[in-house]
Each structure stands twice: as structure tokens, then as C-alpha cells.
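Here is a short briefing for a reader new to this structure. Look at the sequence and the model first, then read the points below.

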Amino acid sequence: MELMPLGTLVHLIRKNSLKSWVSRKQIMEDICEAGAFLHASNNGYGTPKRVILHQDLKSANVLLGMEKGKMRAKIADFGLAFLKEFSSDMSKSKSVQHNGGTQAYMAPELFEVDAKFSKVSNIYL
């Protein structure tokens with residue numbers, strides 16, 4: 001893992017030091033690109049792969065650093081993540097654990113009885 005010396009996104013937000021719209025846009029693009037990569041159902045060569053569901057995406061789990069003069073973001077803390085085998089029905093997944101994820105950042109449907117994590121619930125913010 002590389003060093004991300006600017007700390008977490010939540011740290012910059014709390015310090016109110018993320019004023020540049022260019023940096024904000026770059027951070028969102030990086031997070032979206034990382035999410036798309038984790039949720040991609042193939043490896044770019046048409047071969048099925050496992051999909052990674054993070055389950056705890058929040059500003060405290062986004063690390064920041066500089067690359068070629070631009071602020072860049074990387075998703076971190078995959079402690080609750082799990083691999084889901086490729087399937088044509090991506091809605092089928094494991095049941096929510098009571099300790100899975102940070103409740104304030106969880107999609108509302110995950111609080112239902114027999115809720116399932118999916119790619120859709122994984123990107124709720």
C-alpha cells in the first residue's frame with residue numbers, strides 16, 4: 001500500500017480545507033472509478049471474476065495524497081469487504097451481519113429483515 005500523506009477525506013472535510021472544486025471533482029471521480037473497478041463483473045478480457053463489496057464506504061475510509069500535482073483518492077479499509085462470485089443475478093448475496101458497516105452510512109434497505117448486500121447498496125452515500 002502506498003503512503004497517502006494528506007490523511008482521510010473526513011479529516012479534510014472537518015478542517016474545511018477542501019475548497020477547490022477541481023480537487024472535489026477529482027476525489028469523486030477517483031471514488032467512482034474505484035467502485036466501478038470493484039463492482040466490474042469481468043477483468044476486461046471477458047473472463048468472469050469475483051465482485052468485491054466493500055460494505056463500509058465512507059469519508060473516513062477514503063485516503064488522500066498527491067500525484068502529478070493533483071489530489072488523488074484511494075478507498076481503504078477492506079476489513080468488512082467480501083468477494084462475491086460472478087453471477088447473472090447480482091442481487092443474490094450474503095445476509096447483512098449486525099456488525100457489518102457503519103450504520104449512519106448504510107443504505108436504508110439494509111435495515112430490513114433478510115436484507116442482502118449488493119452492488120447497489122454498496123454505493124449508497
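## Salt bridges and core

D30 and R72 form a salt bridge, with their closest N and O atoms 2.8 Å apart. A salt bridge here is a side-chain nitrogen of Lys or Arg within 4 Å of a carboxyl oxygen of Asp or Glu. This pair links distant parts of the chain: D30 sits in helix α2 and R72 in strand β4, 42 residues apart. Helices (H or I, at least four residues) and strands (E, at least two) are DSSP runs, numbered from the N terminus.

This is a predicted model, in which local features need pLDDT of at least 70, side-chain atom pairs count only at pLDDT 80 or more, and totals for chains, interfaces and linings use all residues. Residues are numbered from 1 along each chain as its sequence is written, and side-chain values use heavy atoms, leaving out hydrogens and water.

- D30 counts as buried, at 7% relative accessibility. Buried means under 20% relative accessible area, exposed over 50%, and partly exposed in between (1.4 Å probe, protein chains only).
- R72 is partly exposed, at 21%.
- R72 also meets E67 in a salt bridge (3.6 Å, N to O).
- E67 is partly exposed, with a relative accessible area of 35%.

**Another pair, and the total**

- K25 and E29 form a salt bridge through their side chains (2.5 Å, N to O).
- Both residues lie in helix α2, four residues apart, or about one turn of the helix.
- K25 is exposed, at 53% relative accessibility. E29 is partly exposed, at 36%.
- The whole structure holds five salt bridges.

**The nonpolar core**

- The largest nonpolar core has eleven residues: L9, L12, L18, I27, I31, L57, V62, L64, M71, A73 and I75. Such a core is a set of buried Ala, Val, Leu, Ile, Met, Phe, Trp, Tyr and Cys residues joined through side-chain atoms within 4.5 Å.
- Two or more core residues come from each of α1 (9–14), α2 (21–39), β3 (62–67) and β4 (70–75).
- Strand β4 gives the largest share, three residues.
- Leaving aside neighbours within four places in sequence, L12 contacts L6, S17, L18, L64 and M71. Contact means heavy atoms within 4.5 Å.

**Confidence**

- The average pLDDT is 78, and 70% of the residues score at least 70. pLDDT is the predictor's confidence in each residue, from 0 to 100.
- Residues 93–99 have a pLDDT below 50. Beyond near neighbours in sequence, this stretch has 18 contacts in the model.
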